[in-house]
Amino acid sequence: MPAAVSGCLLARSMASHHNHHRQRGAAALPVINIGRLGDKDPAARALVVQDIARACRDRGCFQVTNHGVSKSAMDSALEAASEFFDMPAERKAAFACDDIRSPIRYDTSSRDGISKARSFLKHYANPLDHWVDSWPTQPATYRKKMGTYAVEIQRLSMQLMGAIVQGLGLSPMYLEEKLEAGLQFMALNNYPQGSSRAGDTVGLAPHSDIGFITILLQSSPGLEVTHHDDGGAWTPVPVIPGALHVHLGDHLEVLSNGRLRSLLHRAILNTDEARVSIASIHGAAMDEKVGCAEELVDEGHPRMYRESSFHDFLDFLPTNVKAYRRFVETLKIDSA
């Protein structure tokens, strides 16, 4: 186990190119059928890459269908998460820990300055055989269900990142080795049913994620997003049966040298029911520094960000409680 983490231990969419359509409304969010990403026909793949590149640039997020993650794996992961959160408080408390570097951590509040009304379980997942022994043994099927989902999502993350970096003009294999050995950080979130009382609506305050991308599965609506061009307006992310939500993280903004922006998002309490979500954050290994891709730095596009690692992000978190700042903002190189 790395020293840095020691401590307390589907709708098929049809529109242009038959793989991209938008929800109705001015702030519609892209839904992309990625079934042809693995196509041997480069022209077919190129159309999907083009749609992903547009979604990354214009919205900072998209939903994917025909992604190869089985419905049974998705349903079972949500079941496992719900079963964990339904356990007696003393069983869950066994995973409570003040150390944000712990390989597994349960809490009903947070030291990140953004949690308003949620309980969560966070743990690492890649490679699975390295981390699974630290996962809960109760519920009895937790490791099997969450492990199956984690492996399928890790595979999907590599496929999506290949397309995203290709959309930036880099080789699809540009990050493959770093992603294979990279970090998969899973955050299981449990939000109570919301009430109509003022101030009770936000479960997780606006923030962006570390890593390259986050792949999110939600049991019911509650996720909202805003892009830097939206003028502060929030767009609810619909729950599309079989689809997974993908958004860009701080390290992808850095890697792209500002061509892409990490997504600001928040969670709103659902007034109809309690809600569970599973976020899987994918990035480079804990101590691997991520900087601007050299191919994207030139005279017209000077380097905009300093290098940083997930380890650096963990060092930053305790300083970010009173007044939230996006980690990526602290990495910007002052051009003055």
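**Close-up views of a predicted model**

View 1. Strand β11 (residues 244-248) is largely enclosed by the rest of the structure, because 5 of its 5 residues are buried (buried means under 20% relative accessible area, exposed over 50% and partly exposed in between, with a 1.4 Å probe and protein chains only). L244, V246 and L248 cover one face of β11, and H245 and H247 the other. Strand β3 (residues 61-65) pairs with β11 in the antiparallel sense over 4 bridges, and Q63 has H245 as its bridge partner in β11. Strand β8 (residues 213-218) is likewise antiparallel to β11, over 4 bridges, with I213 opposite L248. Two strands pair if DSSP finds at least two bridges between them. Helices (H or I, at least four residues) and strands (E, at least two) are DSSP runs, numbered from the N terminus.

The model is predicted: local features need pLDDT of at least 70 and side-chain atom pairs count only at pLDDT 80 or more, whereas totals for chains, interfaces and linings use all residues. Residues are numbered from 1 along each chain as its sequence is written, and side-chain values use heavy atoms, with hydrogens and water left out.

View 2. Helix α5 (residues 142-167) has 26 residues and reaches 37 Å from its first C-alpha to its last, close to the expected 38 Å (the expected span is 1.5 Å times one less than the number of residues). G169, with a positive phi near 90°, follows α5. Helix α1 (residues 42-58) packs against α5 at an angle of about 80°, the axes lying 8 Å apart. The two helices are therefore roughly perpendicular. From α1, the residues R45, V49, I52, A53 and C56 make the contact, and from α5, L160, G162, A163, I164, Q166 and G167. Sorted by class, this contact has 7 nonpolar, 3 polar and 1 charged residues. Axes are lines fitted to C-alpha atoms, for helices over the stretch in contact, and angles run from 0 to 180 degrees between N-to-C directions. Angles under 35 degrees count as roughly parallel, over 145 as roughly antiparallel, 65 to 115 as roughly perpendicular and the rest as oblique. Contact means heavy atoms within 4.5 Å. Ala, Val, Leu, Ile, Met, Phe, Trp, Tyr, Cys and Pro count as nonpolar, Asp, Glu, Lys and Arg as charged, and the others, Gly among them, as polar.

**View 3. Helix α2.** The end C-alpha atoms of helix α2 (residues 71-85) are 21 Å apart, in agreement with the 21 Å that its 15 residues should span at 1.5 Å a residue. Its buried residues are A73, M74, S76, A77, L78, A80, A81, F84 and F85.

**View 4. Strands β4 and β5.** I104 and Y106 point one way from strand β4 (residues 104-107), R105 and D107 point the other way, and all are buried. Strand β5 (residues 119-124) pairs with β4 in the antiparallel sense over 4 bridges, and K122 in β5 is the bridge partner of R105.

**View 5. The open sheet of four strands.** The antiparallel order is β7-β12-β9-β10, with 4 strands in an open sheet. Its edges are β7 (202-207) and β10 (235-236), each pairing on one side only. Strand β9 (residues 223-226) is joined to the antiparallel β10 by 2 bridges, and E224 has P236 as its bridge partner in β10.

**View 6. The surroundings of M286.** M286 lies in the loop between β13 (275-283) and α8 (310-316). With a relative accessible area of 7%, M286 is buried. Its C-alpha atom is separated by 5.1 Å from that of F310, 24 residues apart along the chain.
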